Amino acid sequence: MFPPCSCTLVTPFLSSRGPRPLSGLCLCPSCPPLLDRGLTPPTREGDVAHPDTRKSELETARIPNLDALAQRSACGLTTPVEMGVAPGSGPGHLALFGYDPLKYIIGRGALEALGSAVELLPGDVAARGNFCTVDDDGILTDRRAGRIATELSAPLCERLDRIEIPGVQVDVFPVQDYRFVLRLRGEGLSEQVEETDPQREGMRARPASALVPEAQRTAEVVQQFVQEAARLLAEEEPANMVLLRGWAQLPNLPDFGEVYQLNPAAIAAYPMYRGLASVANMQVIPTGKTFADEVDTLYSNWDQHDFFFLHYKPADAAGEDGDFDAKVRTLEDLDAFIPRIMELQPDVLMVAGDHSTPAIMASHSWHPVPFLLHSKLTLGEGINAFSERDCAQGSLGRIPAKTIMLLALSHAGKLAKFGP
Ligand SMILES: O=C(O)[C@H](O)COP(=O)(O)O
């Protein structure tokens, strides 16, 4: 370990052992360069330096197209929610769409349901479910049951869908891989129920307790479902338990297209992001399972809309798996699509992220996210490469994620002068 990072942006991690400084893998732009600390940074050729000093996945990946685009774009770092806050994908995307993520809080259950075309009526409550793996003591060993394939998880959903609880309609819908939606339909249900998913391994699932007295009945229903599900899955491997999070009812959000006077569309292979787009009332266009399918869908719908939300998932998944090299590969895979997207000659192209997912943390993090906006008005303000450290030097500096839509509208010539 070399001298801990003394800067402020990359804050010490709080852990069960109390605060401890970072070992030195600091992406903070204000931190002295690795060379000043007597360390040799790896080059893009992929020389692997000491694990504590290698650069981020983005700085390690060979991404010539994103680098070239950054050279003729306005670049910066976005703060998804607030300094130091590691957001979920829901608030992270809502911020990018211009919604205040601290005002519009939508549980993951509604986003997952709407993204999977699961009907949500007023009064229904829905949760995002994970099939997971627990040991004989009920301790979580894998929150994602080895990322079990949909072909294997869908029959398990059918099995759980047959659970009956008096006075409540219980429905279980497969989403993708280890993910499912649990929907409860009945009188007097509440979304104010504690999540059973502790969001980390090595612990037991939490009991589904009521967060408010009015949610007591709902909590009892959920706990009954979990116990019955555990019984039905007991002999399964690896999906022998379920986790539930993000209890939510049907959300009501200002209409994205009306607010920005746009005709928006969303293209996303993963259901939850389709759910986000649908609560913003974007037109969700059906697409395939790969990013190549998404780009094909973009091409075939290009003339139908004036705004596209095009989602890329693999980098996030690799980060959550803690797989640095896989995440580098996913970034290089994305880079290869940039020329084809630019051939459409968008008035404005933004490359943004809803949150950081550093492989060294295997989770979402609070670190600022590299951002790039290209238009015919950004030709002379670029930076050398699309990376955390380079974007920190960009002309936009560090901006709240919820401001990028205004920037985009300005560059697209859609904003009038403010005031007399
Ligand atoms: O992939 C997803 O659904 C989310 O980004 C992460 O959810 P998980 O931590 O439950 O996999």
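Throughout these legends, Ala, Val, Leu, Ile, Met, Phe, Trp, Tyr, Cys and Pro count as nonpolar, Asp, Glu, Lys and Arg as charged, and the others, Gly among them, as polar. The model is predicted, so local features need pLDDT of at least 70 and side-chain atom pairs count only at pLDDT 80 or more, while totals for chains, interfaces and linings use all residues. Residues are numbered from 1 along each chain as its sequence is written, and side-chain values use heavy atoms, with hydrogens and water left out.

**View 1. The shell around the ligand has 2 nonpolar, 1 polar and 9 charged residues.** Surrounding the ligand (a heavy atom within 4 Å) are Arg108, Arg128, Asn130, Arg143, Arg144, Tyr178, Arg179, Arg245, Tyr273, Lys313, Asp316 and Glu320. At least two residues of this shell come from each of strand S2 (125-134) and helix H10 (314-320); helices (H or I, at least four residues) and strands (E, at least two) are DSSP runs, numbered from the N terminus.

View 2. The protein buries 96% of the 310 Å² that the ligand exposes when taken alone (Shrake-Rupley method, 1.4 Å probe).

**View 3. Helix H4 (residues 108-115) crosses helix H8 (residues 271-279) at roughly 95°.** Their axes, lines fitted to C-alpha atoms over the stretch in contact, with angles from 0 to 180 degrees between N-to-C directions, come within 6 Å. That makes H4 roughly perpendicular to H8 (65 to 115 degrees). Contacts (heavy atoms within 4.5 Å) join residues including Arg108 and Leu111 in H4 to residues including Met272 and Leu276 in H8. The contact residues divide into 6 nonpolar, 3 polar and 3 charged.

View 4. Most residues other than glycine have a negative phi, and most peptide bonds are trans.

Note on methods
Angles under 35 degrees count as roughly parallel, over 145 as roughly antiparallel, 65 to 115 as roughly perpendicular and the rest as oblique.
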